[in-house]
Amino acid sequence: MTKIEVITEISIIAIILYKMGFDCIVEDQSLFVSFLDELGIKTPYGKNINLMNYRLMISRLSNNDKSDIYELLDLDMLYV
């Protein structure tokens with residue numbers, strides 16, 4: 001998976017958790033990353049996700065990457 005695909009998958013998981021009322025998981029970064037690891041989410045390099053590589057992935061997103069993710073998720077549709 002590419003970085004954009006991984007981040008998009010993580011974003012979808014976060015959206016689902018929020019919509020189902022489990023926002024406490026998403027708001028606690030350590031808990032959220034542990035949750036992602038339990039789901040089997042991997043980094044673009046195939047490693048298990050942990051807090052350090054999660055933070056690196058997020059911090060290294062360029063503005064173009066963020067725009068691509070917003071387009072893929074079609075965030076306007078989520079509020080309908």
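Residues are numbered from 1 along each chain as its sequence is written, and side-chain values use heavy atoms, with hydrogens and water left out. Because the model is predicted, local features need a pLDDT of at least 70 and side-chain atom pairs count only at pLDDT 80 or more, whereas totals for chains, interfaces and linings use all residues.

The description begins with the core. In soluble globular proteins, nonpolar side chains tend to be buried together. A nonpolar core is here a set of buried Ala, Val, Leu, Ile, Met, Phe, Trp, Tyr and Cys residues joined through side-chain atoms within 4.5 Å; buried means under 20% relative accessible area, exposed over 50%, and partly exposed in between, with a 1.4 Å probe and protein chains only. The largest such core holds 19 residues, of which Ile10, Phe32, Leu36, Ile41, Ile49 and Tyr54 touch the most other members. The elements that give two or more residues to this core are H1, H2, H3, H4 and H5, and H1 provides the largest share, 7 residues. Helices are DSSP runs (H or I, at least four residues), numbered from the N terminus.

Helix H3 spans residues 29-39, and Phe32, Val33 and Leu36 are buried in it. They lie on the same side of H3, because they cover an arc of only 95 degrees around the axis; the arc is that of the directions from the helix axis to the C-beta atoms. The buried residues of H3 pack against helix H1 (3-19), helix H2 (23-27) and helix H4 (51-59). Just after H3, Gly40 adopts a positive phi of about 90 degrees.

Asn53 has a relative accessibility of 14%, and a polar atom of its side chain lies 2.8 Å from the backbone nitrogen of Asn50. Not counting residues up to four places away in sequence, Asn53 touches Thr43 and Asn48. At the start of H4, a side-chain oxygen of Asn50 reaches to within 3.1 Å of the backbone nitrogen of Met52. Ile58, also placed in helix H4, is partly exposed at 35% relative accessible area. The C-alpha atoms of Ile58 and Ile7 are separated by 7.8 Å, although these residues are 51 residues apart along the chain.

Side chains of opposite charge can pair when their charged atoms come close. The structure holds 1 salt bridge, defined as a side-chain nitrogen of Lys or Arg within 4 Å of a carboxyl oxygen of Asp or Glu. The side chains of Lys3 and Asp65 form this bridge, at 3.3 Å from N to O. Lys3 lies in helix H1 and Asp65 in helix H5 (residues 63-73), so the pair ties together parts that are 62 residues apart in sequence. Lys3 is partly exposed at 27% relative accessibility, whereas Asp65 is buried, with a relative accessible area of 15%.

Key:
Contact = heavy atoms within 4.5 Å. Polar contact = N/O pair within 3.5 Å; in protein donor to acceptor, adjacent residues only side chain to side chain.
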